[in-house]
Amino acid sequence: MLATSLRRTATTAARQTTTRCFASAPVDFEHFSSGWEKISSGYEAEGKFHIETFNKISPKGLARFPSKNYEIKEDWENNNAHAILLRSHKLQESEVDVSIRAIARCGAGTNNVPVARMSELGIPVFNTPGANANAVKELVLCGLFLGSRRLIAGINHMKQLGEQGLQKERVEKDKSMFGGREIAGKTLAIIGMGHIGAATAREASALGMKTVGYDPALSIESALKLPREISIADSISSAVAEADYISLNIPYIKGEGGTHGIIGKDVLSHMKNDAVVLNFARGELVDSEAMKEFLDKGDGRYISDFPDDLLWNHNNAILLPHLGASTEEAEETAAAMAADTIQAYLEHGTIKNSVNFPAAALPERKEGSIRVTVATQNVPGMLAYISEVFAKHGINILQQINTSRGDLAYNVIDVEL
């Protein structure tokens, strides 16, 4: 097993670094001078990596951690966990022990993790993009049918008739109360064409729907997964203008220029009066007041996977209890992806699917070498400074990689023992 150590030092305000060493032999140096107040013990002792979990994580996913090298608990008494796995738990900084090297969210969104603060502390935060895409896509398709046929109202009506013993007598007379429309030949606008959006577009096309998409950040990978028949709009307003259904598949981003309330009066004013809005992304994307006004004045529908204090009892709204990724398969896939990502980082310093660190990977280190990772501010001269530190102590660098993301730079360096 690889022994790991961590040091946090600040040479100057502009040269704050976080250093980790991955070696087959103990490395002795000062630990943690970054300002954390919690006391941790046992994290640098040779033995197993300690994984702390919040929420219920799929056992099949956790089984990806080999038991000979990893131990998993919900709580580590000595504050000596090396990594955190969580789902929806809202993580507080006080729960991040000084020994934590990495955090992985079993899901795509990381709004429940203080990502900016973790970046300052040199802790990569990982997610599992695409792990729940199939589960959410299937629920979006369910939303299409719920918005087309008044199934929920019909089911509730049959229950009421059943209580009165009138089901058989009234069923044929009352069914006209719950008429609907078919989705074949209708137009679906897809706002955001990542894993879920692209999958939804393919399935909708297969069901005979016309599709139009909007995504200013459309990647080549996602574009290749889109159906050939899809048309691409240059704005949200133009995408929804002729759509019978609108599926929201964009991330929630706070602050100026973000996506909070992006589906407001302006966008809703461009929709058909009977348009169906499907929100299986984030509740905060929709301006509730504007949506209520839209639903009140026409025959539009709102199908959402999130609670809403204003729309919860509206006749034209159906709110689900955040069931998008609540399938056994999705939870297993997300947990497995998170486990693999954590292993790759703890054992090799590899960064993949991080929301705050740049992607990075080096080939397997040679026998008799030590792998060191250094996170720094992305400022001129840092790479030279790091090399100077090793040279000053007569340590030879065998191979290295330097990558950056915004204000953060990440280095993986193999040195000779």
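1. Buried here means under 20% relative accessible area. By that cut-off, strand E6 (residues 102-105) is covered on both faces: Ala102 and Ala104 are buried on one side, and Ile103 and Arg105 are buried on the other. Please keep in mind as you read on that this is a predicted model.

2. What are the partners of E6? Strand E5 (residues 83-86) pairs with E6 in the parallel sense over four bridges, and Leu85 stands opposite Ala104. E6 also pairs with strand E7 (residues 125-126), again in the parallel sense, over two bridges. In that pairing Ile103 stands opposite Val125.

3. Another sheet deserves a look. Seven strands make up an open sheet with parallel pairing, in the order E10-E9-E8-E11-E12-E13-E14. Strand E10 (231-232) and strand E14 (317-319) are at the edges with a single partner strand each, so one side of each has no neighbour in the sheet. E10 is joined to E9 by two bridges, and the two strands run parallel. Val212 has Ser231 in E10 as its bridge partner.

4. The largest nonpolar core has 29 residues, and Ile191, Ile246, Met271, Met291 and Tyr302 have the most contacts inside it. Elements giving two or more residues to this core include strand E8 (187-191), strand E11 (245-248) and helix H9 (265-269). Helix H10 gives the most, with four residues. A second, separate core has 28 residues, among them Phe126, Ala131, Leu362 and Leu408. As general background, nonpolar side chains tend to be buried together in soluble globular proteins.

5. There is nonpolar surface to inspect too. Phe145, Leu151, Ile152, Ile155 and Leu207 make a nonpolar surface patch of about 410 Å². Helix H4 (residues 151-164) supplies the largest share of this patch, three residues. Ile155 is found in H4 and counts as partly exposed, at 46% relative accessibility.

6. The N to O distance is 3.2 Å. Lys137 counts as buried at 8% relative accessibility, whereas Glu203 is partly exposed at 31%.

7. Two further salt bridges each sit within a helix. In helix H5 (residues 167-174), Arg170 and Asp174 are four residues apart, about one helical turn, and their closest N and O atoms are 3.1 Å apart. Arg170 is partly exposed, with a relative accessible area of 29%, while Asp174 counts as buried at 7%. In H10, Lys292 and Asp296 are likewise four residues apart, about one turn of the helix, with closest N and O atoms 2.9 Å apart. Lys292 is partly exposed at 28%, and Asp296 also counts as partly exposed, at 47%.

8. For the overall tally, the structure holds 16 salt bridges. Do have a look at Glu93, Arg117 and Glu120 as well, which are linked in a network of salt bridges.

Technical notes: Residues numbered from 1 in each chain as written. Predicted model: local features only at pLDDT ≥ 70, side-chain atom pairs only at ≥ 80, totals over all residues. Heavy atoms only, no water. Core = buried A, V, L, I, M, F, W, Y, C linked by side-chain atoms within 4.5 Å. Buried < 20%, exposed > 50% of the residue type's maximum accessible area, 1.4 Å probe, protein only. Pairing = 2+ DSSP bridges. Patch = residues over 30% accessible without salt bridge, like charges linked within 9 Å, V, L, I, M, F, W, Y side chains within 5 Å. Areas by Shrake-Rupley, 256 points an atom, 1.4 Å probe, with all protein chains shown as cover. Salt bridge = Lys/Arg side-chain N within 4 Å of Asp/Glu carboxyl O.
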